[in-house]
Amino acid sequence: MRAAVAALAEEGVTVLALSRFFATPCFPAGAGPDYVNAAAVIHRKEPGDLASLLACLHRVEARFGRKRLQRWGMRTLDIDLLAMGDSVLPDTKTQDSWRALAPEAQIRTTPDQLILPHPRLQDRAFVLVPLADVAPDWVHPRTGLTVLQMLDALPAADREAVKPL
């Protein structure tokens with residue numbers, strides 16, 4: 001994980017804040033070994049569009065052996081762009097429809113464009129627990145809830161399964 005942060009720096013991405021590292025159950029269950037998760041607040045030195053930032057994150061993943069063969073398949077490194085301030089991309093209707101997608105459809109359907117905020121972040125303790133370390137008061141622009149409020153809304157068992165290393 002620390003090597004991935006260093007690789008981001010080589011790509012011109014500065015990590016302004018980094019959460020603790022957390023051991024988390026594999027998602028989806030049974031897709032592989034458990035993971036280590038963290039969250040970061042980043043800044044890119046070179047201004048550019050979000051597509052170029054996402055391409056940068058994918059290059060770092062590839063440096064660590066990531067191959068995009070199967071949705072939610074085993075991966076050596078997964079760097080998700082969760083949010084960009086209060087931006088809603090590509091638009092509110094698309095964002096809301098992806099957030100409302102039924103679980104069985106989520107595994108079969110892959111967006112063809114960047115959707116921000118990440119449409120599942122409010123459902124995942126393995127995202128919200130680390131995010132609470134670096135941005136506890138960030139407000140989801142569609143739900144109006146802070147990271148801490150979204151985290152508190154999850155089942156206790158989900159939150160407790162995310163353990164600091």
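**Around L131**

I started at L131 and looked past its neighbours up to four places away in sequence: L131 touches A39, L82, P136 and V147. I keep in mind that this is a predicted model.

Next I looked up the second core, which is separate and has twelve residues, A4, V13, L53 and L116 among them.

Then I went back to the largest nonpolar core. It has 19 residues, and the ones touching the most other members are L121, L128, L131 and V147. Helix 5 and helix 6 are the elements that give two or more residues to this core. Helix 5 gives the most, with eight residues.

**Helix 5**

How many of the ten residues of helix 5 are buried? I got nine, so I noted the helix, residues 125-134, as mostly covered. The buried ones are A125, F126, V127, L128, V129, P130, L131, A132 and V134.

On the strand side I found strand 1 (13-18), strand 2 (22-24), strand 3 (35-37) and strand 4 (40-44). The helices on the list are helix 6 (147-153) and helix 7 (156-160).

**Q95**

Last stop was Q95, which sits in helix 3, residues 92-99. Is Q95 buried or exposed? Its relative accessibility is 0%, and buried means under 20%, so I put Q95 down as buried.

The Q95 side chain reaches the backbone oxygen of P117 at 2.7 Å. Leaving out neighbours within four places in sequence, I listed V88, I115, L116, P117, P119, H140 and R142 as the contacts of Q95.

Methods: Residues are numbered from 1 along each chain as its sequence is written. This is a predicted model: local features need pLDDT of at least 70, side-chain atom pairs count only at pLDDT 80 or more; totals for chains, interfaces and linings use all residues. Side-chain values use heavy atoms; hydrogens and water are left out. Buried means under 20% relative accessible area, exposed over 50%, partly exposed in between (1.4 Å probe, protein chains only). Helices (H or I, at least four residues) and strands (E, at least two) are DSSP runs, numbered from the N terminus. Contact means heavy atoms within 4.5 Å. A polar contact is a pair of N or O atoms within 3.5 Å; within protein, one must be able to donate a hydrogen and the other to accept it, and residues adjacent in sequence count only if both atoms are side-chain atoms. A nonpolar core is a set of buried Ala, Val, Leu, Ile, Met, Phe, Trp, Tyr and Cys residues joined through side-chain atoms within 4.5 Å.
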